[in-house]
Amino acid sequence: MDFRAWNCRKNNWLRLQRGKIISLVLGKKPFVPYDARQVKKILVLRNDNKLGDMLVSSVLFRGLRQLFPNGRIDVAAGEANACLARENKKINHIYYASESLGSLFLLGCRLRKERYDLYLDLNAVPTLSSLVFLKILNPRWAFGFNRKAYPLYNFTQEVDLTRMHITQRYEAALRYAGFEGNCDLSYELNIPESAEQAAQRLMATLPGPGRVLALCPYGASRHRSFSAGQIAAVARAFASDKIILLGQPGRLKTLMKGQSLPNVFIFEGEDLFQSVALLKRADWVLTVDTFWVHAACALQKRTLAAYQDKGENWAVWHPNYEGVKPLFCEGEQSKLPPERLVEALKSL
């Protein structure tokens, strides 16, 4: 077990112990027999501010809308990942909160009067902040997996989350809440028309024929990235194709400074949806970032995704589209031999 995996386990264990203690302090929520017919208002906690997690949650929101076609479905989101929720037509209202105790305390006080029927927190382990939020919110039914140790949840299911893909987790929650029939587990990614039009104009500026490769060289962590040398090697190996670098233009220009590559393009503009619309128009994708992996799955794009290793979360977060191929490497992706990267791309 590497240090990251050990540290993750340690943090989850500490969170569990803190949660048990604070649950005793906050008290127990009375048991109320669940009845899906009485559910009119639903709130989903998705305030981790992760873009990829919000995108994958589209499976849950779609299922909730099918289960409660006339219900009100709200989400507590972070400032960054709320943009994806705003384009999801299954969601009625978006409320903003960080993961801090103060932020969730204030939001809980604001939303308590809404008297939600169903509250969903599908994270593996609740935080101190989310437990205080739940106490203040006081919904009729509070659902989470493996919450027997947390008496504020009066609606729970015991499952082994380490063996379930995230979409299976959402499906299990939906079925426990009353969903029947076929459950669509594909990701849904809605792009505003303005971003579609902007991307179309940018694509029209690309010279000549040839395929388009969308290359996303940066991940959420500074330890996940491609180097300028790797990008140059890909550009030379696919000289007849056009390569679009997706990300913050200033950061990309700094990365590629001094490189003269006629088939590599960096477009101005930092709008996320414009980048997603460019990805949609690409023939194939190369990335180190999990959000772009999820986006490629949603858009069903042939993709090479470079991972440092499988890790303990692979069973939960592996791509759910067969056209996305993983490339595992020892150490950081920036140390991956360029020839191995090129060979993997040629086999897509």
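This is a predicted model: local features need pLDDT of at least 70, side-chain atom pairs count only at pLDDT 80 or more; totals for chains, interfaces and linings use all residues.
- Strand 1 (residues 41-46) and strand 2 (residues 72-77) run parallel and are joined by 6 bridges.
- Within that pairing, Arg46 is opposite Ala77 of strand 2.

- Strand 10 is joined to strand 7 by 4 bridges, the two running parallel. Ala214 has Val285 in strand 10 as its bridge partner.
- Strand 10 is also joined by 4 bridges to strand 11 (residues 302-307), and that pair runs parallel too. Look for Thr287 opposite Ala305 in strand 11.
- Moving on, strand 11 pairs with strand 12 in the parallel sense, over 5 bridges. Ala306 has Leu327 in strand 12 as its bridge partner.
- If you're checking side chains on strand 10, Trp284 and Leu286 point one way while Val285 and Thr287 point the other, and all are buried.

- Helix 11 (residues 272-281) is mostly covered, with 8 of its 10 residues buried.
- The buried ones are Leu272, Phe273, Gln274, Ser275, Val276, Ala277, Leu278 and Leu279.
- What do the buried residues of helix 11 pack against? Their partners are helix 2 (51-56), helix 4 (82-86), helix 8 (193-204), strand 7 (212-216), strand 10 (284-287) and helix 12 (290-299).

**Loop between strand 5 and strand 6**

- Tyr153 is found in the loop between strand 5 (141-145) and strand 6.
- Is Tyr153 buried or exposed? Tyr153 counts as buried because its relative accessible area is 5%, and the cut-off for buried is under 20%.
- Setting aside neighbours within four places in sequence, Tyr153 is in contact with Tyr119, Asp121, Pro126, Leu131, Leu134, Ala142, Phe143, Gly144 and Arg147.
- Tyr153 and Asp271 are 118 residues apart along the chain, and their C-alpha atoms are separated by 39 Å.
- Asn146 is also placed in the loop between strand 5 and strand 6. Although Asn146 is not a glycine, it has a positive phi of about 55 degrees.
- Asn146 is partly exposed, with a relative accessible area of 25%.

**Other loop residues worth a look**

- Gln300 lies in the loop between helix 12 and strand 11. Gln300 has a positive phi of about 55 degrees although it is not a glycine.
- Gln300 counts as exposed because its relative accessibility is 55%, and exposed means over 50%.
- Pro207 is in the loop between helix 8 and strand 7, and it is partly exposed, at 46% relative accessible area.
- Apart from neighbours within four places in sequence, Pro207 is in contact with Lys242 and Phe265.
- Pro207 and Asn263 are 56 residues apart along the chain, yet their C-alpha atoms are separated by 8.8 Å.

**The second largest pocket**

- This pocket has a volume of about 170 Å³.
- Which residues line the second largest pocket? The lining is made of Arg112, Arg115, Tyr116, Asp117, Leu137, Asn138, Pro139 and Arg140.
- By class, that lining has 4 charged, 3 nonpolar and 1 polar residues.

Key: Residues are numbered from 1 along each chain as its sequence is written. Side-chain values use heavy atoms; hydrogens and water are left out. On a 1 Å grid over the protein atoms alone, a cavity is a set of points where a 1.4 Å probe fits but cannot get out, and a pocket is an open set with protein on both sides within 12 Å along at least five of seven lines; lining residues have an atom within 4 Å of a point. Grid points are joined across faces, edges and corners, and a volume is the space filled by probe spheres set on the points. Ala, Val, Leu, Ile, Met, Phe, Trp, Tyr, Cys and Pro count as nonpolar, Asp, Glu, Lys and Arg as charged, and the others, Gly among them, as polar. Two strands pair if DSSP finds at least two bridges between them. Buried means under 20% relative accessible area, exposed over 50%, partly exposed in between (1.4 Å probe, protein chains only). Contact means heavy atoms within 4.5 Å.
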